[in-house]
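Subject: Structure for your review

Dear colleague,

Please find below the structure that I am handing over to you. My findings follow it, arranged by topic.

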Amino acid sequence: MMNLKNLEALYWVVTLNSFVKAANKLNTTQPAISQKITALENELGMKVLDRRARQISTTEHGLVLFKYAEKFMRLESDLHAELTEAEQLTGTIRLGVSESIVHTWLVDFVEKVRAKFPKVTLEIVVNLTPGLHEAVRIGELDMAFLLGPTLHFDCIEQALCDYEIGFLAAPSFQGSIGQMSLKSLMSHTILTYPKMTYPYKDLRAKMKEAQIDEPISISSYSLSTLLRLAEQGLGIVVVPTVTALKEIQHGILEIINTPVKLKSFYYTVIYTQGHHTQLKQQLATLAVATAAKAEQNYNLQLAQFHKR
């Protein structure tokens, strides 16, 4: 009989592309992982890893074995979830989150996870979408809430929410009264994400079409930084309107009246199959419901604000 623990070791070595990371994942040592791989090869009478390459790679037989190891891991996770009530599920889920989610419904999501899955621990990492995407791909994160779509590797992806991009400024900002054309907007300093991100690319495409020169801009990957700069009256901030709801309600920032519309931010949840699959599915479902409820509340609050 094949030792499933050895098969699990192979799965994590290949998934994480590292003996050390696999050892950390399984709470053991690198020599112990190496021994498991050697024992697996001895059981089968064939090599499963090519140790001549600088990077970890599977042999032809090793690749077949890895695919079955992935299935075994998924079945084990599914079986555990089927036999366990939600409040009894255990495990640590490493969750990556885009900053916009932090500013909107992340707290609500964490509270719901604590209530429904009291024995589940969330380790939350806030990062940019490219970093989150890569971390999920190589196994450093179990799942992530990020800008999508991101199906560049084998993962599960579900839609979370769409956030409309708005132009906002401090009440004291000159020119924020009345409707502003694209030309008027671009005559001011623009505070937004760096030029390689798609909000700025979308804005630049509109400027090019209208034959308008690019404005003076201050860019940052930090949403908090952009909002604080706008509050100080340094320019017009271009961000998802929902992320500045509190500032809008308290009169710190105002939505600029403009016919200019940019593409919305489209967020998704992604996760890989194999380990804690059923738990990640349930967390993803909970995230979708939380995002929908938050969007409903946001639209209601914004509508009530405009009626004042």
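Which residue is the bridge partner of Gly 96 in E4? The partner is Val 125. Please bear in mind throughout that this is a predicted model.

**The chain as a whole**

The protein chain has 308 residues, of which 44% are buried. Its secondary structure comprises twelve helices and twelve strands. The accessible surface amounts to about 16300 Å², and carbon and sulfur atoms account for 53% of that area. When contacts between residues at least 6 apart in sequence are considered, 75% of them join residues at least 24 apart.

**The five-stranded sheet**

Five strands form an open sheet with mixed pairing, in the order E4-E3-E5-E12-E6. Strand E4 (120-126) and strand E6 (156-163) are the edge strands, each pairing on one side only. From one strand to the next, the twist averages 20°.

Strand E3 covers residues 91-97 and runs parallel to E4, to which seven bridges join it. Besides the bridge between Gly 96 and Val 125, there is one that pairs Ile 93 with Leu 122 in E4. E3 also runs parallel to E5, and three bridges join these two strands. Here Leu 95 stands opposite Met 143 of E5. Six of the seven residues of E3 are buried, which leaves the strand mostly covered.

Helix H6 (residues 106-116) lies across E3, E4 and strand E5 (143-147), and runs at about 165° to E4. Helix H7 (residues 129-138) lies across E3, E4, E5 and strand E12 (265-271), and its direction is at about 150° to E5.

**Aromatic pairs and a charge over a ring**

Eight aromatic pairs were found in a search of the whole structure. In one of them, the ring centres of Tyr 11 and Trp 12 are 4.9 Å apart and the planes meet at 80°; the pair is edge-to-face because an angle over 60 degrees falls in that class. Both partners are covered: Tyr 11 counts as buried at 3% relative accessibility, and Trp 12 counts as buried at 4%.

Phe 265 and Tyr 267 form an edge-to-face pair as well, with 6.0 Å from centre to centre and 70° between the planes. Phe 265 is buried, its relative accessible area being 2%. Tyr 267 is likewise buried, with a relative accessible area of 2%. These two residues belong to a cluster, linked by ring pairs, that also includes Tyr 163 and Tyr 193.

A charged group also meets an aromatic ring in this model: the charged end of Lys 71 sits over the ring of Tyr 68, at 4.8 Å from the ring centre.

Leu 223 is located in helix H10 (residues 223-231). Its relative accessible area is 0%, so the residue is buried. Apart from neighbours within four places in sequence, Leu 223 is in contact with Glu 99, Ser 100, His 103, Tyr 193, Val 239 and Thr 243. Of these, Val 239 is 16 residues from Leu 223 in sequence, and the C-alpha atoms of the two are 7.7 Å apart.

Ser 18 is found in the loop that lies between helix H1 (4-16) and helix H2 (19-25). Is Ser 18 buried or exposed? With a relative accessible area of 14%, Ser 18 is buried, because the class takes in values under 20%. Leaving out neighbours within four places in sequence, Ser 18 is in contact with Trp 12, Val 13 and Ile 56.

Val 288 belongs to helix H12 (residues 277-306). Not counting residues up to four places away in sequence, Val 288 touches Gln 158, Ala 159 and Leu 160. Val 288 and Thr 268 are 20 residues apart along the chain, and 8.8 Å separates their C-alpha atoms.

With kind regards

How values were computed:
Residues are numbered from 1 along each chain as its sequence is written. This is a predicted model: local features need pLDDT of at least 70, side-chain atom pairs count only at pLDDT 80 or more; totals for chains, interfaces and linings use all residues. Side-chain values use heavy atoms; hydrogens and water are left out. Rings of Phe, Tyr and Trp (its six-membered ring) pair if their centres lie within 6.5 Å; planes under 30 degrees apart count as stacked, over 60 as edge-to-face and the rest as tilted. Buried means under 20% relative accessible area, exposed over 50%, partly exposed in between (1.4 Å probe, protein chains only). A charge sits over a ring if NZ of Lys or CZ of Arg is within 6 Å of the ring centre and within 35 degrees of the ring normal. Two strands pair if DSSP finds at least two bridges between them. Helices (H or I, at least four residues) and strands (E, at least two) are DSSP runs, numbered from the N terminus. Axes are lines fitted to C-alpha atoms, for helices over the stretch in contact, and angles run from 0 to 180 degrees between N-to-C directions. Contact means heavy atoms within 4.5 Å. Accessible areas come from the Shrake-Rupley method with a 1.4 Å probe; for residues, only the protein chains shown count as cover.
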